[in-house]
Amino acid sequence: MKTKLKMTINNKEVDFIKGETIYQVAKKAGLFIPTLCYMEGYKPSGACRICVVEDVKTGRLIASCSYPAESGMEVRTDSPQVRMSRKKIIELLLSNHPQDCLTCTKSGACLLQNLSKQYGVDEIAFQGGAKKKAVIDKASPSVERDMAKCILCGRCVTVCSEKQGVSAIDFSHRGFSTQVAPGSFKSLAEGNCVSCGQCIMACPVGALHEISHKKLVIDAIINPNKKVALQFAPACQMTFPEYFKKSISVDDATKKIIGALRSIGVNFVFDTCTAADITIVEEAKELVERLTKKNKPLPMFTSCCPAWINFIETFYPKHTKHLSSCKSPHMMKGALIKHLSEKLLKTKAKDLFVVSVMPCVAKKSETGRPQLENEGMANVDAVLTTRELFSLLDEFGIQYEKIQDSDYDRPFANASGAGKIFGATGGVMEAAIRTAYYYVTGKELDNVDYKPVRGMSEIKRATVDIAGTQVNVAVVNGLGNVVDILEDISAGKSDLHFIEVMSCPSGCVGGAGQPYNTDAELLKSRTKTTYKEDENSKIRRSHENPDVIELYDKHINEHEAHDLLHTRYKGDK
Ligand code: SF4
Ligand code: SF4
Ligand code: SF4
Ligand code: FES
């Protein structure tokens, strides 16, 4: 058993365990200490010193995020000296920072802005001059960098290398010239960035944000010659109650969002969950074929996370043949909407502007992929993050009380519970198991809940018994966590048959396009809601979704299914 030691914080005795930092002990005791460079779960860099506390015995200021708690130690977290030091740090940061909070995308969620208010910084005390020559990099399809706003905290660098195993960005130059840059490249687009966007979520200020498609969408809405068809991903829907700041169900909040979108001129609103069901039908078929006919290599990788696709294409190009050929669900849906628009929506495909609202910034990178076009048109014309959707509604002055509830357009309005769990890590795997079992045995699984692949762990492994065949599966979130598995495959040492990989923590519910300030508790609560939605669904297997059955029976033949629902990867012949 670990021995409990004692120290004093703000005149109160508190317990701690050897190895804990002062910051961790204070947090456990419910005391707030501000941080900028520190991130839970990562080694502290000690770069910003905003977290200083006063050592009462020596009068020294020490960085609480990296300083280990000591037995008998006495500190104050908010003494006049501490407050003055923090205020100075904020003033120094602001002296070299653009003063454009009014137009900054991070306004309201910016740690520097919040700290300025909290520490009463009401004037710029030092005139260092904002970094006028700083880089603005908009070349990436997903991430925009405004280095004038960078406070050099290093969080993006840490996440990119330690969490995602990519290392697309790093510190360069020295002293006053220090900056975060994509190595020797001029822009993020030229280097190895896979567009996961997790650096955006890590950035405490507005130096990193998504490439906005909001203007494209507004232009399409006001264009009298265009009709706008919009779809939502399941993970976005889990955040709709958060947007309204009301304790309402996901269903009720979704009806409000659909109503609000209709009121601003969106013509059709669809549920991407139906396409998630179509993905499962196609992917489970492919898995069963790989297992039985051995026509393509195992393990098969899921293909609905574009950052993961970019990762494989960039770092493990010889493994693209392991990727399922299924398009991501919103791309399937976009392809189907355009292909069937004349027949079902009485609108010519060329007059349709398809928008996907996604929890994701990587999905923006899909809109430029030539492999995701059919009949000479992009499957999806623009991707809004969940944040952009909320900002669009704010821009149109939507008021909760005045919204008329509305429902999805038909066809493709039904979703099974399996389609709804795509947003959680392990969700695609569980949905695929439900359908693959049926394809192999011709019988339905008695209990559709496959719990070994649920939960927030970064790597989960399980063996599924499908009529006597043992199928080894793995579920991974965070790209850095899949590297060992890929190395095993390269070395011919893997016994896995099917792997789900999601780039973001906890899967798409923690996607880089979701509202900022995502803490672990919020992710847990979104995940819980996701499984509740599944549990409450009348249909819980993708292949039983009546809209999916109707699609194959009435609207597309085998050849069209192949063309519209499947894709190729870089280097494929
Ligand atoms: S988007 Fe992802 S891969 Fe690209 S720089 Fe950011 S964290 Fe790294
Ligand atoms: S871009 Fe953001 S996260 Fe990266 S070092 Fe600058 S302020 Fe920190
Ligand atoms: S995990 Fe989901 S949100 Fe994150 S990059 Fe992949 S698809 Fe996008
Ligand atoms: S938060 Fe502790 S040094 Fe930056």
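Tutor: Helices and strands here are DSSP runs numbered from the N terminus, with at least four residues (H or I) for a helix and at least two (E) for a strand. Keep in mind that this is a predicted model.

Student: Fine. Where is Ser167, then?

Tutor: Ser167 sits in the loop that runs between helix 4 (155-163) and strand 8 (170-172).

Student: And what is phi of Ser167?

Tutor: Near 55°, which is a positive value in a residue other than glycine.

Student: Next, cis peptides. Which residue does Arg410 join through one?

Tutor: Pro411; omega of that bond is about 0°. Pro411 is in the loop between helix 14 (386-395) and helix 15 (417-420). The bond from Leu298 to Pro299 is cis too, with omega near -5°. Pro299 belongs to the loop between helix 10 and strand 13 (300-301).

Student: Which residues of helix 10 and helix 16 meet?

Tutor: From helix 10, Ile280, Val281, Glu283, Ala284, Lys285 and Val288; from helix 16, Val428, Ala431, Ala432, Thr435, Ala436, Tyr439 and Val440. By class, this contact of helix 10 with helix 16 holds 10 nonpolar, 1 polar and 2 charged residues.

Student: How do the axes of helix 10 and helix 12 cross?

Tutor: At roughly 105°, and the axes of helix 10 and helix 12 (residues 329-345) come within 8 Å. Angles of 65 to 115 degrees count as roughly perpendicular, so helix 10 and helix 12 are roughly perpendicular to each other.

Student: Which residues make that contact between helix 10 and helix 12?

Tutor: On helix 10 they are Thr272, Thr274, Ala275, Ala276, Ile278, Thr279 and Glu282, and on helix 12 Pro329, His330, Met332, Lys333 and Leu336. The contact of helix 10 with helix 12 divides into 6 nonpolar, 4 polar and 2 charged residues.

Student: Over to helix 2 and helix 3. What is the angle there?

Tutor: About 135°, with the axes of helix 2 (residues 80-95) and helix 3 (residues 111-118) 10 Å apart. Helix 2 and helix 3 are therefore oblique to each other.

Student: Left-handed or right-handed, helix 2 past helix 3?

Tutor: Left-handed. Arg83, Ile90, Leu93 and Leu94 of helix 2 meet Leu112, Leu115, Ser116 and Gln118 of helix 3. That contact of helix 2 with helix 3 comprises 5 nonpolar, 2 polar and 1 charged residues.

Student: Last topic. What does the domain assignment give?

Tutor: Domain 1 (4-78), domain 2 (93-210) and domain 3 (216-565). The centres of domain 2 and domain 3, taken over C-alpha atoms, are 30 Å apart. Domain 2 puts 20 residues into the contact and domain 3 puts in 28 residues.

Student: How much area do domain 2 and domain 3 bury between them?

Tutor: About 1,800 Å², 60% of it on carbon and sulfur atoms. Val194, Met201 and Glu210 supply 33% of the area that domain 2 buries against domain 3, more than any other three residues.

Conventions: Residues numbered from 1 in each chain as written. Chains lettered and ligands numbered in written order. Predicted model: local features only at pLDDT ≥ 70, side-chain atom pairs only at ≥ 80, totals over all residues. Heavy atoms only, no water. Contact = heavy atoms within 4.5 Å. Nonpolar A, V, L, I, M, F, W, Y, C, P; charged D, E, K, R; others polar. Domains from an automatic or database assignment. Buried area = accessible area lost by both parts, 1.4 Å probe. Axes fitted to C-alpha atoms, helices over the stretch in contact; angles between N-to-C directions. Parallel < 35°, antiparallel > 145°, perpendicular 65-115°, else oblique. Left-handed = near helix turned anticlockwise from the far one by under 90°.
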